[in-house]
Amino acid sequence: MSASKSDYFMNIAVIGAGYVGLVTGACLAELGNNVVCVDIDKRKINKLKQGKVPIYEPGLEEIVRKNLTRKRLAFTTKIEKAVNFGEIIFICVGTPARKDGSADLSYLEKAAEQIAKLAKDNKIVVIKSTVPVLTARKVHKILKQHSKSNVEFYVISNPEFLREGSAVKDFMNPDRIVIGGINKEAIRKVCELYRPFNVPILETTPESAEIIKHASNSFLATKISFINMVANLCEKVNANIKDVALGIGLDKRIGTAFLNAGIGFGGSCFPKDIEAFIKVGEKHRCNFALLKEVIKINVRQRKLFVKKIEDVLYGLENKTIAVLGLAFKPNTDDIRKAPAIEIIRLLLDKGAKIKAYDPKAMDNMRKIFPHIQYCNNPYETLANSDAMVLITEWEEFKKLNFEKVKKIMKQAIIIDGRNYLPHNRLERIGFTYVGVGI
Ligand code: UDX
């Protein structure tokens with residue numbers, strides 16, 4: 001981890017022990033601060049008190065346990081305990097999508113109300129949850145409305161850019177820190193908290209900070225849909241999207257990251273945040289038609305992929321499909337908006353039989369598809385299957401013994417939704433290999 005420890009430690013409260021809250025709390029404790037995390041979910045808090053992290057996130061359980069033992073990290077369901085412990089209070093509650101795509105801020109508003117009612121002295125309230133622009137202003141209003149007259153609140157917008165699967169690493173090695181606020185002393189204090197990172201700290205208004213988060217995720221998703229659109233053309237004209245993406249990305253103004261073509265983006269952030277950003281645009285009479293197209297391309301990408309499987313197998317009725325990977329990306333057990341869900345649904349609709357395997361996400365997927373066959377390892381999944389369909393690029397899938405795989409499958413067909421497997425080697429072994437844009 002690249003962050004060095006600060007010599008000035010603070011007492012911090014974190015409201016919401018979900019992905020962002022847990023990583024934020026654990027990492028701030030790891031940096032030397034004293035942190036209390038609060039959540040309404042009793043079961044989750046009881047597990048966390050024993051050092052059991054309810055999500056799979058590399059490195060997280062280790063630092064939770066370490067800091068519990070050092071007594072720098074504590075978990076509680078009692079918000080009054082947390083609020084009066086922290087000089088800085090991070091709000092990390094969920095901002096789920098409403099039916100119309102806009103962000104539901106009710107958990108955030110409730111948290112602000114509780115902070116206001118419970119705080120006995122001045123507080124810096126940091127919003128880490130992804131929120132629409134002008135939320136910091138709204139939170140400040142709620143805090144003032146419900147507070148005791150002698151208590152002041154300073155609201156800071158400090159968006160988080162961590163990725164699932166590498167959240168701890170991302171928190172400890174950020175590209176930049178964004179701190180949006182009005183009160184100079186509050187900004188200084190939050191900057192101090194991040195001083196060990198030694199990376200650019202951008203001080204902005206709360207509104208700019210809020211837009212930075214939505215715009216970053218929207219831009220990254222746009223890159224993905226853009227490359228997927230180009231990949232679809234590559235397929236038609238015998239070009240290779242991997243070469244094309246590299247050729248584009250080596251231009252420093254573009255960059256090679258986030259140009260992997262495939263079955264599109266999923267997860268708890270991109271789909272939700274782009275919809276919410278479109279709604280923000282609508283509210284302020286800005287037409288984000290570009291982002292609507294980004295979503296359309298993403299949805300279409302799954303359908304085109306299933307069509308590919310159907311074409312190479314000459315129909316899907318009664319075909320056995322070995323689905324490798326269910327999580328929305330590797331190194332997580334998260335299946336929220338995972339491409340696998342829609343792809344499996346489409347395959348089932350067309351009469352296919354599904355055998356599935358994922359190193360971490362099978363328990364979660366069982367709740368959505370209880371009746372498909374879940375296997376103990378990739379080989380069991382592939383045995384007697386008509387095709388291997390790779391959905392998530394887990395490292396273990398690259399390490400398969402493909403000679404053995406060819407022997408156990410009914411048909412030697414691989415459809416690779418992430419362009420992840422060694423294409424040329426697989427063809428040499430005798431597989432029919434189908435990728436996306438290659
Ligand atoms: C994202 C942002 O990266 C992060 O900064 C923000 O805080 C939360 O949202 P996350 O959703 O964890 O993080 O995953 P990310 O690694 O960004 O991938 C998102 C999706 O895009 C995945 O489904 C991934 O498979 C897909 N993707 C990513 C591509 O299809 N192609 C790419 O080139 C990159």
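An oxygen atom of the ligand is placed 2.7 Å from a polar backbone atom of Phe161, where a polar contact is a pair of N or O atoms within 3.5 Å. (Within protein, one atom of such a pair must be able to donate a hydrogen and the other to accept it, and residues adjacent in sequence count only if both atoms are side-chain atoms.) A backbone N or O atom of Leu259 lies 3.4 Å from an oxygen atom of the ligand, and for Glu160 the corresponding distance from a backbone N or O atom is 3.5 Å. The protein covers 91% of the 670 Å² of accessible area that the ligand has on its own, with areas taken from the Shrake-Rupley method and a 1.4 Å probe.

This is a predicted model, in which local features need pLDDT of at least 70 and side-chain atom pairs count only at pLDDT 80 or more, while totals for chains, interfaces and linings use all residues. Residues are numbered from 1 along each chain as its sequence is written, and side-chain values use heavy atoms, with hydrogens and water left out.

## The shell around the ligand

Around the ligand there are 19 residues, of which Phe161, Leu162, Glu164, Asn260 and Lys329 come nearest; a residue is near if one of its heavy atoms lies within 4 Å. Domain 1 (11-204) and domain 2 (238-434) each contribute at least three residues to this shell, the domain bounds coming from an automatic or database domain assignment. The largest share, three residues, is from helix 9 (residues 206-237), helices being DSSP runs of H or I with at least four residues, numbered from the N terminus.

By class, the shell has nine nonpolar, four polar and six charged residues; Ala, Val, Leu, Ile, Met, Phe, Trp, Tyr, Cys and Pro count as nonpolar, Asp, Glu, Lys and Arg as charged, and the others, Gly among them, as polar.

On a 1 Å grid over the protein atoms alone, a cavity is a set of points where a 1.4 Å probe fits but cannot get out, a pocket is an open set with protein on both sides within 12 Å along at least five of seven lines, and lining residues have an atom within 4 Å of a point. The largest cavity has a volume of about 50 Å³, and its lining includes Ser129, Asn158 and Lys213. Helix 9 gives the most to this lining, with three residues.

## The second largest pocket

The second largest pocket has a volume of about 290 Å³, a volume being the space filled by probe spheres set on the grid points, which are joined across faces, edges and corners. Both domain 1 and domain 2 give residues to its lining, so this pocket lies between them.

Notes:
Helices (H or I, at least four residues) and strands (E, at least two) are DSSP runs, numbered from the N terminus.
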